[in-house]
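Biologist: Please show me the model. I want to ask about the labels attached to its charged side chains.

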Amino acid sequence: MKIAVLSDSHDNIWKLAQAMPHLASADAIIHCGDLCSPFMITRLGEGAGSRPVHVVWGNNDGDRLLLARNARPFPGITLHGEIAQFEFGGLRIGVNHYPLVARGLAASPAYDLVCYGHDHMAHQEWMGSCLLLSPGELMGL
């Protein structure tokens, strides 16, 4: 099982396009927030194909109504809101945009994997039996 984790793409359609070949080999995709503009979720949905895509809101996801409308044609995209909780391949997964919230989720016994973004810093750490993971940022800062 392979899960692609992205965060903080901040409208960089060129970096998202560069990531698409890597996403093609994933069984599922997680985006930890800050897609930003609604056209980004369209591009993500087109690139994901039939794979499930789990998205949480970041602090820069402004037009959430249009983001949701643009996600509608892609049945694999799930918009979770502020916090995602789901199971995939036997893993209990939590996702949030903010590091402090994610750290709190990872400290609970409820998850095997917790993903976050926001600070644009790649990070991985085991908290007990839970992997706390930030992919860093996709925008290319």
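Biologist: Why is E125 called partly exposed?

Modeller: Buried means under 20% relative accessible area, exposed means over 50%, and partly exposed lies in between (1.4 Å probe, protein chains only). E125 has 24% relative accessibility, so E125 counts as partly exposed. The model is predicted: local features need pLDDT of at least 70, side-chain atom pairs count only at pLDDT 80 or more, and totals for chains, interfaces and linings use all residues. Residues are numbered from 1 along each chain as its sequence is written, and side-chain values use heavy atoms, leaving out hydrogens and water.

Biologist: What makes R103 and E125 a salt bridge?

Modeller: The term needs a side-chain nitrogen of Lys or Arg within 4 Å of a carboxyl oxygen of Asp or Glu. The closest N and O atoms of R103 and E125 are 2.8 Å apart, so the pair is a salt bridge. R103 lies in helix α4 and E125 in strand β8 (residues 122-127), so the pair ties together parts 22 residues apart in sequence. Helices (H or I, at least four residues) and strands (E, at least two) are DSSP runs, numbered from the N terminus.

Biologist: How many salt bridges does the structure hold?

Modeller: Three. Another one joins R92 and D112, with the closest N and O atoms 3.0 Å apart. R92 is in strand β6 (residues 91-96), and D112 is in the loop between α4 (99-107) and β7 (113-115).

Biologist: How do you know that E82 and R64 meet in a salt bridge?

Modeller: Their N to O distance is 3.2 Å. That is within 4 Å, so the term applies.
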